Amino acid sequence: MKVTIIGQGYVGLTISIFAAQFFEVVGFDNNEGVVDRLNHGNSHIEGVESDLLKKRIKAGMYRATTRGKDVSNSDIVVIAVPTPLTKNRQPDLSFIDSACKTIGQYISHPILVINESTSFPGTLRNFIKPAVEKYSLTKIEHMYAISPERVDPGRSDYNQKNTPRIFSGLTSDASAKTKDFYSKFCDNLVEVSSPEVAEAAKLFENTFRQVNIALVNEFAQIAHSLGISVYETLDAANTKPYGFMKFTPSAGVGGHCIPVDPTYLAAVAEEHGAPATFIRRANEVNLDMSKYVVNRIAADNGGNLKGKSVLVVGVAYKPNVADVRETAAELVIEHLRSQGAAVSWHDDVVGNWKGESSALLQGADIAVVVTKHDSVDEKKILASAPYVFDTTGKVKGAKGL
Ligand SMILES: NC(=O)c1ccc[n+]([C@@H]2O[C@H](COP(=O)([O-])OP(=O)(O)OC[C@H]3O[C@@H](n4cnc5c(N)ncnc54)[C@H](O)[C@@H]3O)[C@@H](O)[C@H]2O)c1
(Lines give C-alpha, C1' and ligand atoms only; values in the text may rest on other atoms or scores of the structure.)
Protein backbone atom coordinates (compact mmCIF):
# COMPACT_ATOMS: atom_id res chain seq x y z
CA MET A 1 0.00 0.00 0.00
CA LYS A 2 1.48 3.34 -1.06
CA VAL A 3 0.45 6.50 0.73
CA THR A 4 1.16 10.10 -0.25
CA ILE A 5 0.87 12.87 2.29
CA ILE A 6 0.57 16.28 0.62
CA GLY A 7 2.15 18.91 2.88
CA GLN A 8 5.07 18.00 5.14
CA GLY A 9 4.54 20.49 7.94
CA TYR A 10 3.39 19.98 11.51
CA VAL A 11 0.49 17.73 10.53
CA GLY A 12 1.78 16.04 7.38
CA LEU A 13 5.20 15.04 8.67
CA THR A 14 3.79 13.77 11.95
CA ILE A 15 1.29 11.55 10.12
CA SER A 16 3.95 10.44 7.64
CA ILE A 17 6.24 9.14 10.36
CA PHE A 18 3.47 7.17 12.05
CA ALA A 19 2.04 5.82 8.77
CA ALA A 20 5.52 4.85 7.52
CA GLN A 21 5.64 2.11 10.15
CA PHE A 22 3.08 0.24 8.04
CA PHE A 23 2.92 1.85 4.59
CA GLU A 24 5.35 3.12 1.99
CA VAL A 25 4.98 6.88 2.40
CA VAL A 26 5.80 9.65 -0.05
CA GLY A 27 5.88 13.07 1.63
CA PHE A 28 4.95 15.55 -1.09
CA ASP A 29 5.70 19.22 -0.42
CA ASN A 30 6.22 22.12 -2.79
CA ASN A 31 8.95 23.63 -0.60
CA GLU A 32 12.27 22.34 -1.99
CA GLY A 33 14.21 23.30 1.14
CA VAL A 34 11.87 21.29 3.36
CA VAL A 35 12.03 18.27 1.05
CA ASP A 36 15.81 18.41 0.83
CA ARG A 37 16.22 18.59 4.61
CA LEU A 38 13.76 15.74 5.13
CA ASN A 39 15.53 13.49 2.64
CA HIS A 40 18.73 14.12 4.60
CA GLY A 41 16.94 12.94 7.74
CA ASN A 42 16.57 16.37 9.33
CA SER A 43 13.17 16.99 10.89
CA HIS A 44 11.96 20.59 11.16
CA ILE A 45 8.97 19.69 13.35
CA GLU A 46 8.94 19.44 17.16
CA GLY A 47 7.85 15.98 18.22
CA VAL A 48 9.24 14.30 15.07
CA GLU A 49 12.72 13.10 15.97
CA SER A 50 15.33 13.22 13.21
CA ASP A 51 16.55 9.78 14.31
CA LEU A 52 13.10 8.31 13.69
CA LEU A 53 12.91 10.02 10.31
CA LYS A 54 16.32 8.57 9.39
CA LYS A 55 15.12 5.13 10.49
CA ARG A 56 12.05 5.32 8.23
CA ILE A 57 14.18 6.51 5.29
CA LYS A 58 16.69 3.71 5.86
CA ALA A 59 13.90 1.13 5.97
CA GLY A 60 12.72 2.40 2.57
CA MET A 61 9.37 3.44 4.06
CA TYR A 62 9.65 7.22 3.67
CA ARG A 63 10.92 9.72 1.15
CA ALA A 64 10.03 13.33 0.47
CA THR A 65 9.52 14.84 -2.96
CA THR A 66 8.48 17.95 -4.84
CA ARG A 67 7.78 16.00 -8.03
CA GLY A 68 4.14 15.37 -8.86
CA LYS A 69 4.89 12.22 -10.81
CA ASP A 70 6.23 10.57 -7.61
CA VAL A 71 2.70 10.46 -6.21
CA SER A 72 1.13 8.82 -9.26
CA ASN A 73 1.15 5.23 -7.97
CA SER A 74 -0.44 6.05 -4.59
CA ASP A 75 -3.38 4.11 -3.17
CA ILE A 76 -4.21 6.74 -0.56
CA VAL A 77 -3.52 10.49 -0.62
CA VAL A 78 -3.82 12.55 2.55
CA ILE A 79 -4.13 16.32 2.25
CA ALA A 80 -2.36 18.23 5.06
CA VAL A 81 -1.81 21.73 3.70
CA PRO A 82 -2.40 25.13 5.35
CA THR A 83 -5.88 26.62 5.59
CA PRO A 84 -5.18 30.24 6.57
CA LEU A 85 -7.30 33.37 6.26
CA THR A 86 -7.14 35.81 3.36
CA LYS A 87 -6.23 39.47 3.93
CA ASN A 88 -9.97 40.12 4.45
CA ARG A 89 -10.02 37.37 7.10
CA GLN A 90 -12.01 34.95 4.94
CA PRO A 91 -11.25 31.19 4.59
CA ASP A 92 -8.42 30.67 2.10
CA LEU A 93 -8.75 27.29 0.37
CA SER A 94 -6.10 28.02 -2.28
CA PHE A 95 -3.62 25.51 -0.77
CA ILE A 96 -6.28 22.81 -0.73
CA ASP A 97 -7.12 23.68 -4.32
CA SER A 98 -3.47 23.29 -5.28
CA ALA A 99 -3.31 19.90 -3.50
CA CYS A 100 -6.41 18.81 -5.46
CA LYS A 101 -4.63 19.87 -8.64
CA THR A 102 -1.69 17.60 -7.81
CA ILE A 103 -4.08 14.68 -7.28
CA GLY A 104 -6.05 15.47 -10.45
CA GLN A 105 -3.02 15.90 -12.66
CA TYR A 106 -0.94 12.97 -11.47
CA ILE A 107 -3.34 10.23 -10.39
CA SER A 108 -5.24 8.36 -13.07
CA HIS A 109 -6.67 5.40 -11.11
CA PRO A 110 -9.27 5.32 -8.31
CA ILE A 111 -7.81 6.04 -4.87
CA LEU A 112 -8.89 7.14 -1.39
CA VAL A 113 -8.46 10.89 -0.81
CA ILE A 114 -8.48 11.91 2.87
CA ASN A 115 -8.52 15.51 4.00
CA GLU A 116 -6.80 16.33 7.31
CA SER A 117 -6.63 20.09 6.80
CA THR A 118 -9.03 22.06 8.98
CA SER A 119 -11.89 23.67 7.09
CA PHE A 120 -15.59 24.45 7.29
CA PRO A 121 -18.38 21.88 6.94
CA GLY A 122 -18.97 21.06 3.30
CA THR A 123 -15.34 21.42 2.19
CA LEU A 124 -14.88 17.73 1.34
CA ARG A 125 -18.17 17.37 -0.51
CA ASN A 126 -18.49 20.77 -2.19
CA PHE A 127 -14.89 21.83 -2.71
CA ILE A 128 -12.36 18.97 -2.64
CA LYS A 129 -14.30 16.40 -4.68
CA PRO A 130 -15.29 18.87 -7.41
CA ALA A 131 -11.77 20.33 -7.51
CA VAL A 132 -10.07 16.94 -7.93
CA GLU A 133 -12.61 16.04 -10.63
CA LYS A 134 -12.06 19.38 -12.36
CA TYR A 135 -8.30 18.85 -12.51
CA SER A 136 -8.43 15.14 -13.42
CA LEU A 137 -7.46 14.38 -16.97
CA THR A 138 -10.03 11.57 -17.24
CA LYS A 139 -13.25 10.83 -15.34
CA ILE A 140 -12.33 8.83 -12.20
CA GLU A 141 -14.50 7.86 -9.22
CA HIS A 142 -12.19 8.40 -6.22
CA MET A 143 -13.30 7.75 -2.65
CA TYR A 144 -13.28 10.77 -0.33
CA ALA A 145 -13.08 11.05 3.45
CA ILE A 146 -12.27 13.53 6.16
CA SER A 147 -10.31 12.95 9.34
CA PRO A 148 -9.49 16.27 10.98
CA GLU A 149 -6.11 16.38 12.66
CA ARG A 150 -5.80 16.95 16.41
CA VAL A 151 -2.03 16.92 16.81
CA ASP A 152 -0.67 19.34 19.42
CA PRO A 153 2.98 19.93 18.45
CA GLY A 154 5.40 19.71 21.35
CA ARG A 155 3.02 17.60 23.45
CA SER A 156 4.31 14.23 24.64
CA ASP A 157 1.33 12.70 26.51
CA TYR A 158 -1.02 12.62 23.50
CA ASN A 159 0.05 11.55 20.03
CA GLN A 160 -1.29 9.91 16.87
CA LYS A 161 -1.68 6.59 18.69
CA ASN A 162 -3.65 7.58 21.76
CA THR A 163 -5.60 10.63 20.54
CA PRO A 164 -9.08 9.55 19.39
CA ARG A 165 -9.59 10.34 15.73
CA ILE A 166 -12.90 11.39 14.16
CA PHE A 167 -13.57 10.33 10.58
CA SER A 168 -16.28 10.01 7.96
CA GLY A 169 -16.36 9.19 4.26
CA LEU A 170 -18.61 10.48 1.53
CA THR A 171 -19.56 6.82 0.99
CA SER A 172 -19.55 3.80 3.30
CA ASP A 173 -16.67 2.29 1.26
CA ALA A 174 -14.63 5.45 1.82
CA SER A 175 -15.38 5.28 5.58
CA ALA A 176 -14.37 1.61 5.76
CA LYS A 177 -11.07 2.20 3.92
CA THR A 178 -10.31 5.24 6.05
CA LYS A 179 -10.87 3.17 9.19
CA ASP A 180 -8.52 0.46 7.89
CA PHE A 181 -5.84 3.03 7.20
CA TYR A 182 -5.86 4.84 10.53
CA SER A 183 -6.49 1.77 12.65
CA LYS A 184 -2.91 0.70 11.93
CA PHE A 185 -1.54 3.57 13.99
CA CYS A 186 -4.44 5.01 15.98
CA ASP A 187 -6.10 3.13 18.87
CA ASN A 188 -9.43 4.93 18.98
CA LEU A 189 -11.37 5.76 15.82
CA VAL A 190 -14.69 7.55 16.08
CA GLU A 191 -16.89 7.33 13.00
CA VAL A 192 -19.48 10.09 12.61
CA SER A 193 -22.49 10.13 10.31
CA SER A 194 -21.21 12.62 7.73
CA PRO A 195 -18.06 14.49 6.71
CA GLU A 196 -19.83 17.72 7.66
CA VAL A 197 -20.15 16.56 11.30
CA ALA A 198 -16.43 15.70 11.38
CA GLU A 199 -15.48 19.06 9.85
CA ALA A 200 -17.77 20.95 12.25
CA ALA A 201 -16.53 19.02 15.31
CA LYS A 202 -12.94 20.08 14.61
CA LEU A 203 -13.96 23.73 14.27
CA PHE A 204 -16.08 23.57 17.41
CA GLU A 205 -13.20 22.06 19.45
CA ASN A 206 -11.00 25.03 18.61
CA THR A 207 -13.84 27.54 18.99
CA PHE A 208 -14.46 26.17 22.48
CA ARG A 209 -10.86 26.98 23.35
CA GLN A 210 -10.95 30.39 21.67
CA VAL A 211 -14.10 31.51 23.50
CA ASN A 212 -12.88 30.25 26.89
CA ILE A 213 -9.50 31.90 26.43
CA ALA A 214 -11.29 35.18 25.60
CA LEU A 215 -13.44 34.77 28.71
CA VAL A 216 -10.45 34.27 30.99
CA ASN A 217 -8.64 37.17 29.29
CA GLU A 218 -11.61 39.40 30.03
CA PHE A 219 -11.75 38.04 33.57
CA ALA A 220 -8.05 38.90 34.08
CA GLN A 221 -8.94 42.52 33.38
CA ILE A 222 -11.90 42.37 35.77
CA ALA A 223 -9.77 40.76 38.52
CA HIS A 224 -7.09 43.45 38.13
CA SER A 225 -9.66 46.23 38.34
CA LEU A 226 -11.00 44.64 41.56
CA GLY A 227 -7.50 44.35 43.01
CA ILE A 228 -7.58 40.54 43.30
CA SER A 229 -5.27 37.91 41.82
CA VAL A 230 -6.65 36.31 38.68
CA TYR A 231 -4.50 33.21 39.25
CA GLU A 232 -5.59 32.69 42.85
CA THR A 233 -9.23 33.16 41.81
CA LEU A 234 -8.90 30.64 38.97
CA ASP A 235 -7.20 28.12 41.27
CA ALA A 236 -10.00 28.59 43.78
CA ALA A 237 -12.69 28.06 41.09
CA ASN A 238 -10.79 25.01 39.87
CA THR A 239 -11.30 23.23 43.21
CA LYS A 240 -14.86 22.54 42.02
CA PRO A 241 -14.70 18.94 40.83
CA TYR A 242 -17.31 19.33 38.08
CA GLY A 243 -18.68 21.95 35.68
CA PHE A 244 -15.50 24.03 35.53
CA MET A 245 -12.47 23.85 33.26
CA LYS A 246 -9.48 26.06 33.93
CA PHE A 247 -8.08 28.28 31.18
CA THR A 248 -5.31 30.78 31.87
CA PRO A 249 -4.95 34.38 30.67
CA SER A 250 -2.28 35.48 28.21
CA ALA A 251 -1.19 38.29 25.92
CA GLY A 252 -3.50 36.79 23.27
CA VAL A 253 -3.82 33.57 21.32
CA GLY A 254 -1.47 32.45 18.59
CA GLY A 255 -0.75 29.53 16.35
CA HIS A 256 -2.37 28.36 13.19
CA CYS A 257 -5.53 27.01 14.82
CA ILE A 258 -7.20 28.99 17.62
CA PRO A 259 -7.06 32.47 16.03
CA VAL A 260 -8.01 31.07 12.59
CA ASP A 261 -10.37 28.07 12.77
CA PRO A 262 -13.23 29.84 14.62
CA THR A 263 -13.30 32.39 11.81
CA TYR A 264 -13.93 29.50 9.37
CA LEU A 265 -16.93 28.56 11.52
CA ALA A 266 -18.11 32.17 11.75
CA ALA A 267 -17.80 32.65 7.99
CA VAL A 268 -19.88 29.56 7.15
CA ALA A 269 -22.40 30.39 9.90
CA GLU A 270 -22.97 33.89 8.55
CA GLU A 271 -23.19 32.59 5.00
CA HIS A 272 -26.09 30.43 6.21
CA GLY A 273 -27.72 33.31 8.12
CA ALA A 274 -26.78 31.97 11.57
CA PRO A 275 -25.18 34.18 14.28
CA ALA A 276 -21.49 34.00 15.14
CA THR A 277 -21.57 36.75 17.76
CA PHE A 278 -19.60 34.89 20.43
CA ILE A 279 -16.89 33.86 17.99
CA ARG A 280 -16.41 37.34 16.54
CA ARG A 281 -16.36 38.95 20.02
CA ALA A 282 -13.94 36.35 21.41
CA ASN A 283 -11.58 37.09 18.57
CA GLU A 284 -11.66 40.82 19.36
CA VAL A 285 -11.06 40.27 23.09
CA ASN A 286 -8.08 38.02 22.39
CA LEU A 287 -6.59 40.44 19.85
CA ASP A 288 -7.08 43.38 22.25
CA MET A 289 -5.13 41.66 25.06
CA SER A 290 -1.81 42.79 23.57
CA LYS A 291 -2.91 46.42 23.81
CA TYR A 292 -4.15 45.89 27.38
CA VAL A 293 -0.78 44.38 28.38
CA VAL A 294 1.18 47.27 26.86
CA ASN A 295 -1.12 49.82 28.52
CA ARG A 296 -0.60 48.10 31.89
CA ILE A 297 3.17 48.24 31.40
CA ALA A 298 3.03 51.91 30.39
CA ALA A 299 0.83 52.74 33.41
CA ASP A 300 3.39 51.10 35.75
CA ASN A 301 6.20 53.08 34.11
CA GLY A 302 5.03 56.65 34.42
CA GLY A 303 2.52 56.36 31.58
CA ASN A 304 5.18 56.72 28.90
CA LEU A 305 7.34 54.13 27.14
CA LYS A 306 9.12 56.61 24.85
CA GLY A 307 12.81 55.77 24.54
CA LYS A 308 12.59 52.86 27.00
CA SER A 309 14.39 49.68 25.96
CA VAL A 310 11.89 46.84 26.16
CA LEU A 311 12.84 43.19 25.83
CA VAL A 312 10.03 40.82 24.80
CA VAL A 313 10.83 37.39 26.22
CA GLY A 314 9.47 34.51 24.11
CA VAL A 315 8.02 35.25 20.67
CA ALA A 316 6.86 31.73 19.76
CA TYR A 317 3.10 31.38 20.06
CA LYS A 318 3.44 28.76 22.79
CA PRO A 319 6.16 27.25 25.00
CA ASN A 320 8.83 24.92 23.65
CA VAL A 321 8.04 25.28 19.94
CA ALA A 322 9.60 27.54 17.29
CA ASP A 323 6.24 28.28 15.65
CA VAL A 324 5.55 32.03 15.40
CA ARG A 325 2.39 31.90 13.30
CA GLU A 326 -0.18 34.45 14.56
CA THR A 327 1.92 34.90 17.73
CA ALA A 328 0.61 37.45 20.23
CA ALA A 329 4.21 38.72 20.51
CA GLU A 330 3.80 40.42 17.14
CA LEU A 331 0.98 42.66 18.35
CA VAL A 332 2.70 43.30 21.70
CA ILE A 333 5.82 44.48 19.84
CA GLU A 334 3.70 46.59 17.49
CA HIS A 335 1.94 48.35 20.40
CA LEU A 336 5.22 48.85 22.29
CA ARG A 337 6.81 50.42 19.21
CA SER A 338 3.79 52.63 18.58
CA GLN A 339 4.31 54.01 22.12
CA GLY A 340 7.93 54.89 21.25
CA ALA A 341 9.73 51.98 22.99
CA ALA A 342 12.94 50.54 21.55
CA VAL A 343 11.99 46.88 21.31
CA SER A 344 14.17 43.78 21.00
CA TRP A 345 13.22 40.19 21.74
CA HIS A 346 14.77 37.10 23.25
CA ASP A 347 13.79 33.61 22.08
CA ASP A 348 16.53 31.05 21.51
CA VAL A 349 13.99 28.44 20.39
CA VAL A 350 12.89 30.71 17.52
CA GLY A 351 16.36 32.21 16.89
CA ASN A 352 15.56 34.40 13.87
CA TRP A 353 12.27 36.07 13.06
CA LYS A 354 11.22 38.84 10.66
CA GLY A 355 14.84 39.62 9.81
CA GLU A 356 15.81 40.03 13.48
CA SER A 357 17.79 37.71 15.77
CA SER A 358 17.20 36.74 19.35
CA ALA A 359 18.78 39.36 21.68
CA LEU A 360 20.60 38.62 24.94
CA LEU A 361 18.43 38.17 27.99
CA GLN A 362 19.83 41.19 29.83
CA GLY A 363 20.23 44.94 30.04
CA ALA A 364 16.69 46.20 29.28
CA ASP A 365 14.66 48.86 31.10
CA ILE A 366 11.57 46.66 30.87
CA ALA A 367 11.08 42.95 30.12
CA VAL A 368 7.72 41.51 29.11
CA VAL A 369 7.28 37.75 29.08
CA VAL A 370 4.91 36.64 26.31
CA THR A 371 5.95 32.98 26.10
CA LYS A 372 8.00 31.09 28.70
CA HIS A 373 9.96 28.20 27.22
CA ASP A 374 11.11 25.57 29.76
CA SER A 375 14.73 26.25 28.76
CA VAL A 376 14.59 29.91 29.84
CA ASP A 377 15.74 30.45 33.39
CA GLU A 378 13.27 32.33 35.62
CA LYS A 379 16.05 34.04 37.60
CA LYS A 380 17.67 35.30 34.39
CA ILE A 381 14.35 36.76 33.27
CA LEU A 382 14.00 38.58 36.59
CA ALA A 383 17.58 39.89 36.31
CA SER A 384 17.14 41.06 32.71
CA ALA A 385 15.40 44.34 33.65
CA PRO A 386 14.44 46.30 36.77
CA TYR A 387 10.76 45.95 35.76
CA VAL A 388 9.46 42.59 34.49
CA PHE A 389 5.85 42.04 33.40
CA ASP A 390 4.88 38.39 32.99
CA THR A 391 1.79 37.50 30.92
CA THR A 392 2.20 33.76 31.51
CA GLY A 393 1.84 33.48 35.28
CA LYS A 394 5.02 31.40 35.41
CA VAL A 395 7.63 33.93 36.56
CA LYS A 396 7.29 34.29 40.31
CA GLY A 397 8.23 37.73 41.56
CA ALA A 398 7.39 39.55 38.33
CA LYS A 399 4.47 41.91 37.82
CA GLY A 400 1.68 40.16 35.97
CA LEU A 401 -1.88 39.96 34.75
N1 LIG B 1 -0.17 22.68 13.39
C2 LIG B 1 -1.12 22.16 14.15
O3 LIG B 1 -0.97 22.05 15.35
C4 LIG B 1 -2.43 21.66 13.55
C5 LIG B 1 -3.25 20.86 14.32
C6 LIG B 1 -4.42 20.37 13.78
C7 LIG B 1 -4.77 20.73 12.48
N8 LIG B 1 -3.96 21.55 11.74
C9 LIG B 1 -4.39 21.86 10.38
O10 LIG B 1 -3.63 21.06 9.48
C11 LIG B 1 -3.38 21.77 8.26
C12 LIG B 1 -1.89 21.84 8.01
O13 LIG B 1 -1.30 22.60 9.05
P14 LIG B 1 0.24 22.51 9.42
O15 LIG B 1 0.38 23.13 10.75
O16 LIG B 1 0.76 21.15 9.19
O17 LIG B 1 0.86 23.50 8.30
P18 LIG B 1 2.40 23.74 8.00
O19 LIG B 1 2.50 25.13 7.48
O20 LIG B 1 3.24 23.32 9.14
O21 LIG B 1 2.72 22.75 6.81
C22 LIG B 1 2.11 22.81 5.60
C23 LIG B 1 3.08 22.30 4.54
O24 LIG B 1 2.36 22.21 3.33
C25 LIG B 1 3.19 22.64 2.27
N26 LIG B 1 2.33 23.01 1.18
C27 LIG B 1 1.54 24.08 1.05
N28 LIG B 1 0.83 24.00 -0.09
C29 LIG B 1 1.19 22.85 -0.70
C30 LIG B 1 0.81 22.22 -1.89
N31 LIG B 1 -0.10 22.74 -2.69
N32 LIG B 1 1.40 21.05 -2.21
C33 LIG B 1 2.32 20.52 -1.40
N34 LIG B 1 2.72 21.06 -0.24
C35 LIG B 1 2.14 22.21 0.11
C36 LIG B 1 4.03 23.76 2.87
O37 LIG B 1 5.22 23.94 2.14
C38 LIG B 1 4.26 23.23 4.29
O39 LIG B 1 5.46 22.49 4.38
C40 LIG B 1 -4.07 23.10 8.43
O41 LIG B 1 -5.36 23.04 7.91
C42 LIG B 1 -4.12 23.28 9.94
O43 LIG B 1 -5.18 24.11 10.34
C44 LIG B 1 -2.79 22.00 12.23
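Let's start with glutamate 149, which is found in the loop between β6 and β7; helices (H or I, at least four residues) and strands (E, at least two) are DSSP runs, numbered from the N terminus. This is a predicted model, where local features need pLDDT of at least 70, side-chain atom pairs count only at pLDDT 80 or more, and totals for chains, interfaces and linings use all residues. Residues are numbered from 1 along each chain as its sequence is written, and side-chain values use heavy atoms, with hydrogens and water left out.

Back to glutamate 149: its relative accessible area is 6%, so it is buried. On the cut-offs used here, buried means under 20% relative accessible area, exposed means over 50%, and partly exposed is in between (1.4 Å probe, protein chains only). Leaving aside residues up to four places away in sequence, glutamate 149 touches Val11, Ile15, Glu116, Gln160, Arg165 and Lys202, where contact means heavy atoms within 4.5 Å.

Two of those neighbours deserve a look of their own. The side chains of arginine 165 and glutamate 116 meet in a salt bridge, at 3.3 Å from N to O. The pair links distant parts of the chain, with arginine 165 in strand β7 (residues 165-169) and glutamate 116 in the loop between β5 (112-115) and α5 (123-135), 49 residues apart. A salt bridge here is a side-chain nitrogen of Lys or Arg within 4 Å of a carboxyl oxygen of Asp or Glu. Arginine 165 is buried, at 4% relative accessible area, and glutamate 116 counts as buried too, at 2%.

The structure holds 20 salt bridges, so let's visit a few others. Lysine 161 pairs with aspartate 187, the closest N and O atoms being 2.9 Å apart. This pair also links distant parts of the chain: lysine 161 sits in the loop between β6 (143-146) and β7, aspartate 187 in the loop between α6 (172-183) and β8 (189-191), 26 residues apart. Lysine 161 is partly exposed at 42%, and aspartate 187 is exposed at 54%. Then there is arginine 67 with aspartate 70, whose closest N and O atoms are 3.1 Å apart. Arginine 67 counts as partly exposed at 45% relative accessibility, while aspartate 70 is buried at 10%. Finally, Asp152, Arg155, Asp157 and Lys318 are linked in a network of salt bridges.

Now for helix α11 (residues 328-338), where Ala328, Ala329, Val332, Ile333, His335 and Leu336 are buried. Because they cover an arc of only 165 degrees around the axis, they end up on the same side of α11; that arc is taken over the directions from the helix axis to the C-beta atoms. An α-helix has 3.6 residues a turn, so residues three or four places apart point the same way. As for what they pack against, the buried residues of α11 meet α10 (277-300), β9 (309-313), β10 (342-346), β11 (352-353) and β13 (366-369). At the start of α11, a side-chain oxygen of threonine 327 reaches to within 3.1 Å of the backbone nitrogen of alanine 329. That is a polar contact, meaning a pair of N or O atoms within 3.5 Å; within protein, one must be able to donate a hydrogen and the other to accept it, and residues adjacent in sequence count only if both atoms are side-chain atoms. Just after α11, glycine 340 takes a positive phi of about 90 degrees.

Positive phi turns up elsewhere too. Most residues other than glycine have a negative phi. Arginine 89, though, has a phi near 55 degrees; it is found in the loop between β4 (76-79) and α4 (94-106) and is partly exposed at 33%. Lysine 354 has a phi near 50 degrees. Lysine 354 is found in the loop between β11 and β12 (356-357), and is exposed at 56%.

One last stop is serine 384, in the loop between α12 (378-383) and β14 (387-390). Serine 384 is buried, at 1% relative accessible area. A polar atom of its side chain lies 2.6 Å from the backbone oxygen of isoleucine 381. Beyond residues up to four places away in sequence, serine 384 touches Leu311, Leu361, Gln362, Gly363, Ala364 and Ala367.
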